[in-house]
Amino acid sequence: MLREGEDVDAPAVPADAVSGARYATGVPHAAWAHDPTGRYWWRYWDGGSWSAWGSNGDEQVWDPVASGPDEAEQRHLGYLRAYLEG
């Protein structure tokens, strides 16, 4: 897991932002998706949890989410799974 202040590059935000790839278990692969916190347009899903990387398009920012998903984030993850399963 990345820590604040580490010298790392943020994942690039692709033009389509959401990948249709997912694990056999139904959990989406790592991809940029709509930010469930609503603080940014996009937040990076690392394949297991929402990362601290957020973006409003051209610039990525480090903005950690609270530990453990709240009800809205759980609902959003359900929407993301349904979208990716098509």
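These legends walk through a few views of a predicted model. Residues are numbered from 1 along each chain as its sequence is written, and side-chain values use heavy atoms, leaving out hydrogens and water. Because this is a predicted model, local features need pLDDT of at least 70 and side-chain atom pairs count only at pLDDT 80 or more, while totals for chains, interfaces and linings use all residues.

**View 1. The fold of the chain.** Following the sequence, they come in the pattern β-β-β-β-α. Helices (H or I, at least four residues) and strands (E, at least two) are DSSP runs, numbered from the N terminus.

**View 2. Surface and interior.** The chain has 86 residues, and 33% of them are buried (under 20% relative accessible area, with a 1.4 Å probe and protein chains only).

**View 3. A close look at Ser 51.** Ser 51 sits in strand S3, which spans residues 50-55. Its relative accessible area is 12%, so Ser 51 is buried. Leaving aside residues up to four places away in sequence, Ser 51 touches Arg 43, Tyr 44 and Val 65 (a contact means heavy atoms within 4.5 Å).

**View 4. Confidence along the chain.** The average pLDDT (the predictor's confidence in each residue, from 0 to 100) is 74 for the chain, and 62% of the residues score at least 70. Over residues 19-23, pLDDT stays under 50, and the model has 13 contacts beyond four places in sequence for them.

Key. Buried < 20%, exposed > 50% of the residue type's maximum accessible area, 1.4 Å probe, protein only.
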